[in-house]
Amino acid sequence: HGAMTTQTLDEAVESTAGAIASMEIRGAATIAAAAADALAAQAEASTASDPETFRRELRAAARRLHETRPTAVSLPNALRYVLRRMDGDRGGDVTDVDALRRNVVGAAQEFDDRLDRAQEELGKVGANRLRDGDVVMTHCHSTDVLSCVEAAVDQGKQLEAYVKETRPRNQGHITARRLRELGVPVTLIVDSAAHRYLPEADHVLVGADSIAADGSVINKIGTSGLAVSARELGTPIVVAAQTIKLHPETLTGHTVEIETRDEREVVDESTRGDIGDIEVANPAFDVTPPRYVDAIVTESGQFPPESIVTLMRELFGESADEPWKE
Ligand code: RUB
């Protein structure tokens with residue numbers, strides 16, 4: 001981050017980057033689609049007259065999008081997907097700007113289509129785990145999780161849900177509304193009530209922002225505590241995560257950066273004034289070790305967390321290049 005750029009970014013790139021940082025656009029899959037669309041918008045709007053200027057603009061746009069939030073690997077994976085296809089699948093030497101533009105717009109569209117298809121496929125896999133009459137417990141708001149529930153409902157299964165509110169941003173409210181729209185009866189609970197209600201749940205269903213090569217699952221803060229509780233009580237923990245959530249850099253020993261957000265999400269100014277000079281910690285995500293995860297459900301089937309590394313190698317190889325670098 002931080003390198004100065006002289007490139008003019010399209011308005012759509014700035015507004016998408018702002019919306020991701022402020023969490024108006026949030027959740028790993030939604031962020032990825034928005035980032036791909038923003039690259040397409042940059043390509044459409046570009047007035048570059050030569051290919052190298054066009055490529056530089058696209059790389060600058062990708063860097064701007066990349067620096068918004070650090071934890072969901074679907075964001076860099078989306079940028080990589082589009083930028084790698086900028087010069088077409090024959091590789092290199094595209095000599096006119098219009099061809100580059102077509103390639104970027106086409107790749108972004110293809111990325112979005114694949115994302116949708118993957119989510120639908122994953123939903124069917126996840127739905128197979130759910131039986132008629134089952135009760136699920138959710139944390140945060142995950143479109144991959146909701147795809148599983150929707151597929152099960154479409155199969156005629158009746159489900160019920162305990163929905164954790166997910167402080168400090170209350171993404172559980174979004175989940176509660178979506179589940180209600182699917183006809184699933186919801187009981188909203190405060191995060192600290194999870195252990196109290198887990199004995200009534202048949203599954204814990206959570207999404208992922210990143211999955212590491214050892215099968216660790218990085219998801220909304222509170223996921224790891226929920227998983228430990230669920231394991232203690234014998235409730236299976238299922239992670240619904242398309243393969244775009246696999247973090248290729250962890251193949252070479254890198255760790256996943258956990259985002260820290262503003263303390264004002266936790267205490268407002270007046271509460272802060274009342275409490276006085278104390279530390280406030282607000283990590284947005286945590287790491288659930290693989291031993292607490294029963295299954296990772298992807299569009300390519302379900303995997304025990306320990307074997308996800310095989311899929312990761314197959315899909316991403318050993319290299320995680322950074323095509324947005326200058
Ligand atoms: C969102 C979150 C979600 C995953 C998966 O965190 O942790 O569980 O991103 O979502 P935030 P999806 O609200 O901070 O972005 O399945 O939709 O990709």
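The centres of domain 1 and domain 2, taken over C-alpha atoms, are separated by 27 Å. Domain 1 spans 11–118 and domain 2 spans 122–316, with bounds that come from an automatic or database domain assignment. This is a predicted model, in which local features need pLDDT of at least 70, side-chain atom pairs count only at pLDDT 80 or more, and totals for chains, interfaces and linings use all residues. Residues are numbered from 1 along each chain as its sequence is written, and side-chain values use heavy atoms, with hydrogens and water left out.

**Where the domains meet**

- Contact, meaning heavy atoms within 4.5 Å, links 18 residues of domain 1 with 29 residues of domain 2.

- Helices (H or I, at least four residues) and strands (E, at least two) are DSSP runs, numbered from the N terminus; two strands pair if DSSP finds at least two bridges between them.
- Seven strands make an open sheet with mixed pairing, in the order 3-2-1-4-7-9-10.
- At its edges are strand 3 (186–189) and strand 10 (301–303), each of which pairs on one side only.
- From one strand to the next, the twist averages 25°; axes here are lines fitted to C-alpha atoms, for helices over the stretch in contact, and angles run from 0 to 180 degrees between N-to-C directions.
- Strand 1 (residues 135–138) and strand 2 (residues 160–164) run parallel and are joined by four bridges; Val136 has Ala161 in strand 2 as its bridge partner.

- An open, antiparallel sheet is formed by three strands in the order 5-6-8.
- Strand 5 (210–211) and strand 8 (285–288) each have a single partner strand, so one side of each is left without a neighbour in the sheet.
- Four bridges hold the antiparallel pair of strand 6 (residues 217–220) and strand 8, and Ile218 has Val287 in strand 8 as its bridge partner.

**Helix 9 and both sheets**

- Helix 9 (residues 223–233) lies across strand 1, strand 2, strand 4 (203–206) and strand 7 (237–240), at about 165° to strand 4.
- Helix 9 also lies across strand 6 and strand 8, running at about 35° to strand 8.

- Rolling a probe the size of a water molecule over the atoms shows where empty space is left.
- On a 1 Å grid over the protein atoms alone, a cavity is a set of points where a 1.4 Å probe fits but cannot get out, and a pocket is an open set with protein on both sides within 12 Å along at least five of seven lines; lining residues have an atom within 4 Å of a point.
- Grid points are joined across faces, edges and corners, and a volume is the space filled by probe spheres set on the points.
- There are three cavities of 30 Å³ or more.
- The largest cavity holds about 250 Å³ of space; it is lined by 25 residues, with Arg26, Gly27, Ala28, His141 and Asp209 closest to its centre.
- Helix 2 gives four residues to that lining, the largest share.
- The second largest cavity holds about 50 Å³, and among its lining residues are Met23, Pro168, Lys220 and Glu265.

**The second largest pocket**

- This pocket has a volume of about 470 Å³.
- Of its 17 lining residues, Tyr81, Arg114, Thr243, Ile244 and Phe316 lie nearest its centre.
- Helix 5 supplies five residues, the largest share of the lining.
- The lining has seven nonpolar, four polar and six charged residues (Ala, Val, Leu, Ile, Met, Phe, Trp, Tyr, Cys and Pro count as nonpolar, Asp, Glu, Lys and Arg as charged, and the others, Gly among them, as polar).

**Backbone points to check by eye**

- Most residues other than glycine have a negative phi, and most peptide bonds are trans.
- Arg167 and Pro168 are joined by a cis peptide bond, with omega about 5°; Pro168 sits in the loop between strand 2 and helix 7 (172–181).
- Met23 has a positive phi, near 70°, and belongs to the loop between helix 1 (11–21) and helix 2 (28–45).
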